[in-house]
Amino acid sequence: MPSDVEIAAACTMQPIEDIAAKIGIPESEIFRYGPHKAKVSLPYVQGRDRREGSKLVLVTATSPTPAGEGKTTTTVGLVDGLAQIGESAAAALREPSMGPVFGMKGGAAGGGRAQLNPMTDINLHFTGDFAAIAAAHNLLAAVLDNHLQQGNALGIDPRRITFKRVLDMNDRALRDIVIGLGGPTNGVPRESGFDIVVASEVMAIFCLATSIDDLKERLGRIVVARTYEKAPVTASDLGVHGAMAALLADALAPNLVQTLEGNPVFVHGGPFANLAHGCNSVTATQTALAHADWTVTEAGFGADLGAEKFIDLKCRFTGLRPDAVVLVATIRSMKYHGGVAVADLTTENVDAMLAGMSNIERHLANIRDVWGLPVVVGVNRFPSDTDAEIEAFTKHVEGLDVKVEICTHFADGGKGAAGLAKALVEITSGQKPELSFTYGDDLGLAAKAETVAQRIYGAERLEIPSAVAKQIAQFEDEGYGHLPVCIAKTQKSFTTDDAERGAPSGHVVEVREVRLAAGAGFVVFVCGSLMTMPGLPKKPAALAIDVDSDGVVTGLF
């Protein structure tokens with residue numbers, strides 16, 4: 001089969017104004033970035049009400065494995081599948097970060113015949129949203145350090161500055177640095193560091209803001225440091241939130257692209273679900289709901305991270321409610337969770353697959369029993385999957401009273417996901433489900449995080465060092481105890497140990513630090529050894545990427 005780049009290049013893209021017209025967006029309301037990508041006017045999209053009867057589908061997945069599950073591929077295939085059966089559908093997805101594109105994970109525009117186009121643009125600079133977010137974030141960092149240099153009128157304690165700089169690249173050398181060296185003219189020396197831009201609170205705010213006014217207000221609430229009296233210092237105290245909003249104003253308009261089959265997709269914002277809240281922008285989701293009968297969106301990594309944050313953060317903040325969930329799984333991932341080595345995943349092994357089904361059982365229980373949502377399992381079929389494995393998988397999941405659809409959208413495009421589309425139509429034809437959150441607003445911060453650990457991860461308890469407990473108590477004393485929590489942990493396991501497969505129970509979730517994201521509206525619990533600035537692998541994907549004399553990029557996949 002041709003590579004993803006070759007498949008995408010062989011497809012004739014439709015003019016972006018034609019894609020907009022399919023869902024009723026006038027040509028006068030789009031701003032083109034070339035012939036095949038555009039931003040949709042922010043005043044226009046914010047003036048639209050949700051289409052009556054429109055349905056929201058959340059695509060999530062089992063715990064990720066090195067073999068890959070194809071969640072974005074399934075999301076794209078499902079939109080094309082809905083179109084194949086005559087439904088009006090659009091997707092709302094996150095923008096890829098260049099960190100994993102050049103690192104190990106690769107891009108995030110789908111794969112095979114279930115991709116987005118122009119895929120090369122989407123995976124690289126796209127419309128410049130991430131550059132704007134990084135610029136706004138780093139402007140705040142620069143003004144903060146300049147404030148120290150220019151007399152420190154606010155009395156900021158340099159030892160209690162919590163705001164780092166960001167970069168859209170994996171660079172472990174920048175995790176911990178010292179700045180301000182070289183003498184008095186170069187600033188106040190202090191320890192600092194970099195996070196990847198997708199972990200930035202500005203990224204989270206960008207994705208949760210509902211208007212420029214809301215954006216500016218949230219930016220102003222960002223807590224960057226403490227004074228010598230330990231009082232919080234915010235971006236509005238530094239007077240820079242207006243300039244930050246100015247840098248982000250154009251970027252806040254959602255981006256419109258297309259699937260290989262010419263169906264509309266809004267790609268906007270991109271927080272990781274292991275580091276941040278893992279959902280595309282509220283603006284993109286609401287724009288899709290205003291213009292299509294079906295909106296298909298996804299949340300990053302497995303359901304324990306992305307779906308939990310979609311529900312407990314995005315839905316809590318906005319009032320959005322999914323009508324159904326698609327849980328993406330693969331035969332290979334179940335064998336991996338059953339103990340099979342990556343090199344052996346293409347060899348038939350029904351027993352190992354069944355042993356690994358504890359992972360999908362945990363995710364299904366969370367979706368149905370904790371959150372109260374109807375779910376369909378979409379199996380992203382690979383050529384190595386045998387009939388015996390498919391039969392055993394289907395029988396096992398159907399025994400849990402969950403519908404299973406075997407999908408071949410990677411090879412067959414939309415027609416390979418038509419069965420999944422029909423299953424969604426069927427399970428959403430009745431009464432709308434009543435969504436339940438994992439925890440209530442009345443709990444303390446530690447209790448909220450422990451409830452997630454126990455109910456979603458199957459943990460026995462949360463372990464919080466005394467220094468971190470004091471920080472949590474300070475947040476609560478300052479009036480932040482009502483905020484929900486965002487847990488940053490490895491995506492590879494229900495535990496904080498990357499090597500633990502399946503569905504472990506009774507483990508301890510170790511909290512390393514807590515970070516206040518007052519502008520975004522949540523408190524981040526950083527657990528285990530997860531780093532908010534990833535590193536590159538021994539052989540980065542960047543080594544295979546090139547561009548020819550005609551400007552054609554190769555090696556992205």
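**View 1. Strand 6 (residues 114-117) and strand 14 (residues 255-259) pair in the antiparallel sense over two bridges.** Strands here are DSSP runs of E with at least two residues, numbered from the N terminus, and two of them pair if DSSP finds at least two bridges between them. Look for Asn117, which stands opposite Gln258 in strand 14. This is a predicted model, where local features need pLDDT of at least 70, side-chain atom pairs count only at pLDDT 80 or more, and totals for chains, interfaces and linings use all residues. Residues are numbered from 1 along each chain as its sequence is written, and side-chain values use heavy atoms, leaving out hydrogens and water.

**View 2. Strand 14 also meets strand 15 (residues 264-267), antiparallel and joined by three bridges.** Here Gln258 stands opposite Pro264. The two strands make a hairpin with four residues between them, and Gly262 in the turn has a positive phi of about 80°.

**View 3. Strand 2 (residues 38-40) is another antiparallel partner of strand 14, through two bridges.** Ala38 has Leu256 as its bridge partner. Five of the five residues in strand 14 are buried, meaning under 20% relative accessible area with a 1.4 Å probe, protein chains only.

**View 4. Here's Leu140, one of the residues that touch the most other members of the 72-residue largest nonpolar core.** Such a core is a set of buried Ala, Val, Leu, Ile, Met, Phe, Trp, Tyr and Cys residues joined through side-chain atoms within 4.5 Å. Leaving aside neighbours within four places in sequence, Leu140 is in contact (heavy atoms within 4.5 Å) with residues including Phe163, Ile222 and Met244.

Definitions and conventions: Buried < 20%, exposed > 50% of the residue type's maximum accessible area, 1.4 Å probe, protein only.
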